[in-house]
Amino acid sequence: MKASSCPNLNRETTSYTNFFTLLEQPDHDDTTIEERPKVDHGDDTSSVGSNQFTGNEAPARMIPISALNPYQGRWVIKARVTAKGDIRRYNNARGDGKVFSFDLLDSDGGEIRATCFNAAVDTFYEPIEDGKVYLISKGSLKPAQKNFNHLKNEWEIILKAFSTVDLCPNEDGSIPSQQFSFRPISEIEIAGNNSILDVIGVVTSVNPSVPVLQKNGMETQRRTLTLKDQSGWSVGLTLWGDFCNREGQNLQEIIDSGIFPVLAVKAGKVNDFNGKSIGTILSTKLFINPDYPEAHSLRNWSDGGGKNTTSQSISRDMIPGGLKNEIRKTVSQIKDEGLGRSDKPDWITVKATISFIKTDAFCYTACPLMIGDRQCKKKVTKLGNSRWQCDRCNQEIEECDYRYLLQAQVQDHTGWTWVTAFQESGEEILGCPAKDLYVLKYEEEDDVRFGEIIRGSLFTEFLFRLKIKEELCGDEQRVKITVVKAETVN
């Protein structure tokens, strides 16, 4: 496809030369319909970019995306590409094939997806560019496949190799670069599993990227971060694949510099495992510190102290009855009321300080491989060849994960108790990843810096969200208290 200049069209009666190759003459038979030239080849008079009109042709009407339906004849839309997917291969009863899609947005805010198969992929994949504006015609409309298509349109466009797609290099900017329908983080709690939505928030933490093994045996990257907004809630966002080393690494560097960036997520997917979280999919787009009113509002809120306010997470600490019904207790009430000894665990919030942290075994080396949609996390052992062995997965791996397993004493004015903090809550208590602390203690042997980090968390007041459950340890029943979240009290 070769870009042509965008004609000055209106939506009522504008016409142009040979926009449709087929002339509507009574003596044409149906075989003429397939004898159309392909897309835009410079001086080809069938291109949308032509400006003459012959009396035998039907006039061309530009219409908004919202007016498209399968019962229209000839139409043309002017729209911006807001997302372009990769080429995907498939195999079905008809044989092998390939497909790619791109999303379109017009000046009225209408959105629709265009999909190309096989020969159309060869014709359009390279010329179509994300962010550019095109005139598109000679496509067919079919019901949108909602399991793959999240746009608010019941139709999608199917383009053939003979369809027409012309670049508008001098478009006037009337079509926005992106359209969002942001949901407050507090509303994600009630969003359906696998639903697709837009969200914007301040990034408060970014975890390192780790390799994971997918169900198909291929390895990919995963990185998690946390978003919070003015609603007083926070949510976990999981980046997959290229997002980890592209936007994820950029966010990591910004956070490391002491700045908390605003991140807009277009088309994130809701996951309801262990609370609610958001994950990236192929059509997701991430925008760091975007120039949108919502982003400016968040930035002003964050800089005004919002980034330091306590928020409630909807991602890891969902409790029966919901977080709004959290139960406040003192440390002594855990024992006095026999919490954790019923069939179901007790979930409470305690305001307390850390008085002691065991440092002899504060973390463990874990398997990063995925079993289904969950990380293995089992302890791995180091082999003589600098690789690691996971007995559960029965595989050798080059790099392991480092996960917190903190044993700590917490106390308030009523007493003290032992608690266990795993990965995320361990990072919230100590303020750094387990791997960094492991390297300090066992590789760099910097006991001074290691001790400073541990002491920095002592006698700091936290709001601890605790899960309390009696478990069998050997031959003895013991009440286990697990920290699912630790928030510093300002």
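The following legends describe close-up views of a predicted model.

Residues are numbered from 1 along each chain as its sequence is written, and side-chain values use heavy atoms, with hydrogens and water left out. Because the model is predicted, local features need pLDDT of at least 70 and side-chain atom pairs count only at pLDDT 80 or more, whereas totals for chains, interfaces and linings use all residues.

View 1. A pocket is an open set of points on a 1 Å grid over the protein atoms alone, with protein on both sides within 12 Å along at least five of seven lines, and lining residues have an atom within 4 Å of a point. Grid points are joined across faces, edges and corners, and a volume is the space filled by probe spheres set on the points. Strand E9 (residues 196-206) gives the largest share of this lining, 3 residues; strands (E, at least two residues) and helices (H or I, at least four) are DSSP runs, numbered from the N terminus. By class, 5 lining residues are nonpolar, 7 polar and 5 charged. Here Ala, Val, Leu, Ile, Met, Phe, Trp, Tyr, Cys and Pro count as nonpolar, Asp, Glu, Lys and Arg as charged, and the others, Gly among them, as polar. Glu111, Asp198 and Lys266 are linked in a network of salt bridges, a salt bridge being a side-chain nitrogen of Lys or Arg within 4 Å of a carboxyl oxygen of Asp or Glu.

**View 2. The largest cavity.** The whole structure contains 1 cavity of 30 Å³ or more, where a cavity is a set of grid points at which a 1.4 Å probe fits but cannot get out. Strand E1 (76-84) and strand E13 (262-271) each contribute at least two lining residues. The lining divides into 3 nonpolar, 4 polar and 4 charged residues.

**View 3. Salt bridges between separate parts of the chain.** There are 16 salt bridges in the whole structure. One of them joins the side chains of Asp130 and Lys285 at 2.5 Å, N to O. Asp130 is in the loop between helix H1 (119-124) and strand E5 (133-137), and Lys285 is in strand E15 (residues 285-288), so the pair ties together parts 155 residues apart in sequence. Asp130 is partly exposed, at 38% relative accessibility; buried means under 20% relative accessible area, exposed over 50%, and partly exposed in between (1.4 Å probe, protein chains only).

View 4. The side chains of Arg449 and Glu452 meet at 3.3 Å, N to O. Both residues lie in helix H8 (residues 447-457), 3 residues apart, about one turn of the helix. Arg449 is partly exposed, with a relative accessible area of 40%, and Glu452 is likewise partly exposed at 40%.

**View 5. The enclosed helix H6.** Helix H6 (residues 423-430) is largely enclosed by the rest of the structure, because 6 of its 8 residues are buried. The buried residues include Gln423, Glu427, Ile429 and Leu430. Gly431 follows H6 and has a positive phi, near 80°.
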